[in-house]
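I opened the structure today and kept notes on each thing I looked up. The entries follow the order in which I went through them.

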Amino acid sequence: MTATIGHSSILLAFVIALAGSVIPILVPRGANERYVTFARWGILGQFILVFLAGSALIYGLVMTDFSIRYVVFNTTRATPIYYRITGLWGALEGSLLLWEWILIIFSGIVAWVYRDRHREMMPWVLMVFCIISAFFLGVIAFVSNPFEIVSPVPPDGRGLNPLLEDANMMSHPPLLYTGFVGLAVPYAFAMAALIVGKLDDAWIVTTRRWTITAWFFLTMGNLVGAYWSYHVLGWGGYWAWDPVENAAFMPWLPATAFLHSVQVQERRGMLKVWNLSLIIIAFGLTIFGTFLTRSGILSSIHAFSSGPVGIVFLCFLAFVLLCSFGLLAYRSEHLKGQPELDSMVSRESAFLLNNIVLVSALFTIFLGTIFPLISEAVAGVQVSVGAPYFNSVTVPLFLLLVFLMGVGPMIAWRKASWDNLKRNFLWPAAGSLIFALGLFVWTVRDFWPLLGFTLLAFVAFTILYDTALALRARRRIAGEGIVSGLITLARRNQRRYGGLVVHLGVVLIILGIAGSMTYSREREATLALKDHLTVGPYLIQFEGLKESRQPTHNLVQGSFRVFRGTQDLGILSPALKFFPSQQSPIGRAVYQSSLSEDIYLILSGFSELDKNQATLKVLVRPLVVWMWVGGFIILLGTLVSILPFREKDRGSKMED
Amino acid sequence: MAWRRLIITLAVIAPVLWLLAFGFQRDARHINSPLIAKQAAPFTVTLFDGGKLSLSELRGKAVFLNFWSS
């Protein structure tokens, strides 16, 4: 029954979406008004039907309705209720449904918010949403159906992959999907602008908040994924340049480039074709990411079962790219006559450079990701490139980006005068040079870390210095203190100060990455009872093993007492979990964080006979905690830039 | 003009799509081992009862090595 309700809702929604995709092409030009009404009802209809289907699947999962195949493979009777719900995105079929669900929520909000605006563009915006929605609904209905029936009904289910039983499972996939789907909004408006031929910056101004929101979710999705990997997977890392990780990260690069380059278009009317291309690429990459995850064409820890889904996604990717770029080429005549750069020393050229760096990073990561395909197609042998390639290529690019992050927001538009440069950069540059000297004298002697930390300090100094100058001006003009001055500044220019706060968050994340990349230490040893191991300032002593039965698995815990110098940090208990359904045990690493470094313990083995020996891996990872702090700062900055708390509405154009 | 741009666009996109489609014809998990048809490296292992076993003692027999998880 549940399955029937779910599947027929999807089928009906698919028909509505198809109608919505085709009708605007068929109706005569003047009948737009009637189409918009129809399309709005169509979106509402899909919204209700997809809501029904999604709820049906969740209901099936929660009630452990094992007549549905998807439920069998993603829950058991012993699964706690919250992991039953997260089973919705535990596998391919359900996660496509979640994707469609988020998409239709976004479409619904767009249709409702802009019900009285953009009368010319809206029919096409809704049409683009209907096309995307029709694709996903078609895949759900015919290719990868989450409501497939299984008979005879098994007594119990197989359950989620144990690695997915973690609190981050509740947030990481929905965040990432929301980021992916969010990019559909600026994409749909861009396509509508191209179709209508209304190529001013209306579509950019309209979708500004949407783009920032999508960017935020994309950032958080990646960051929470990294945290999950660090916290659960038990290898002490947070990023492995796995193809699927790259697939999640790649859309972030053009999306970030887009966020910056649209400001140049708003200000100077430049980069129109570039901005359209960036948003097409960003949206295309979200489809590419799903294609990569689901097709199994590259070997990856994240790869799901391969099947016809991959081919369907590839066809849709081809459709999206050919239509979008075809349309762009068709309209290219209208996009001419843009002003040129006045000077190389200006904000627009800093933003342009930032775009070039981001797109280069995208290109190198894309190349590295599909390299096994290239090498096999060209040379007939499979060669894959790993972390060394990605690190050595992207680190210099990202450091250049950090430098630009310090320059871009402070340098003047058009042509920076000598005074402007001196005013904004003299003290921050001097400060960061002194900082670098301090680091050098202290211990940091290697080139890349020294450069990295200095550039990060430079960005932080430019932001703090600029804010301090603005605060001083507020005190002079209005007699405001630091807190009230900050509030006034943020309210007067949300976008600028929100952006600067986000930059501080990014600085902290890169600080964490730089620290853990360059100054990590690790050791592995087999310890007998009361034996110890030293890593840096830490001494770890083995106190014994303990075995216990858990509801879903057998748990073997090692007890290790950790000392830092003479200070006793207490017992840490890394463990191995033995699931009956899994061939190899799953580790539970434990770590203790401090602001300066994490100590991370992994139990990699133990003697099964007398349980008096354990093999322990110890990692000391400096500054990792700042990555997670940076995430919170980005959340704060995003809120500052998008929440509607300006003093009074000063129209859609905000000053900078 | 528009046609020329269209052709350039197509010339960039088509090879990428072709490459991705090419991916379906191969098995990403299939990697040829460089050790096939080479002589096995000699080794000696300690058994649970404390005894030793060398590969050379098994000369002439088929040997199946199972690298298990623990």
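Entry 1, ground rules. I noted that this is a predicted model, in which local features need pLDDT of at least 70 and side-chain atom pairs count only at pLDDT 80 or more, while totals for chains, interfaces and linings use all residues. Residues are numbered from 1 along each chain as its sequence is written, and chains are lettered from A and ligands numbered from 1 in the order in which they are written.

I looked up how chain A is divided, and found domain 1 (1-165), domain 2 (172-398), domain 3 (399-518 + 628-642) and domain 4 (521-626), with bounds that come from an automatic or database domain assignment. I then checked domain 3 of chain A against domain 4 of chain A, and their C-alpha centres lie 39 Å apart. Across this boundary, 8 residues of domain 3 of chain A are in contact with 6 residues of domain 4 of chain A (contact is when the C-beta atoms of two residues, placed from the backbone, lie within 7 Å). On the domain 3 side, α20 (494-518) and α21 (625-642) of chain A each supply at least two residues, and the largest share, 5 residues, comes from α20(A). Helices here are DSSP runs of H or I with at least four residues, and strands are runs of E with at least two, numbered from the N terminus.

I took helix α6 (residues 122-143) of chain A, whose 22 residues should span 32 Å at 1.5 Å a residue, and the end C-alpha atoms are 31 Å apart, which agrees; the expected span is 1.5 Å times one less than the number of residues.

I found V618(A) in strand β10 (residues 613-622) of chain A. V618(A) is buried, because 24 other C-beta atoms lie within 10 Å. Leaving out residues up to four places away in sequence, V618(A) touches several residues, including E522(A), L533(A) and I599(A).

Which chain gives 28 residues to the contact, and which gives 19? Chain A gives 28 residues and chain B gives 19 residues. On the chain A side, α13(A) gives the most, with 10 residues.

Definitions and conventions. A residue is buried if 20 or more other C-beta atoms lie within 10 Å of its own, exposed if 12 or fewer, and partly exposed in between; C-beta atoms are placed from the backbone.
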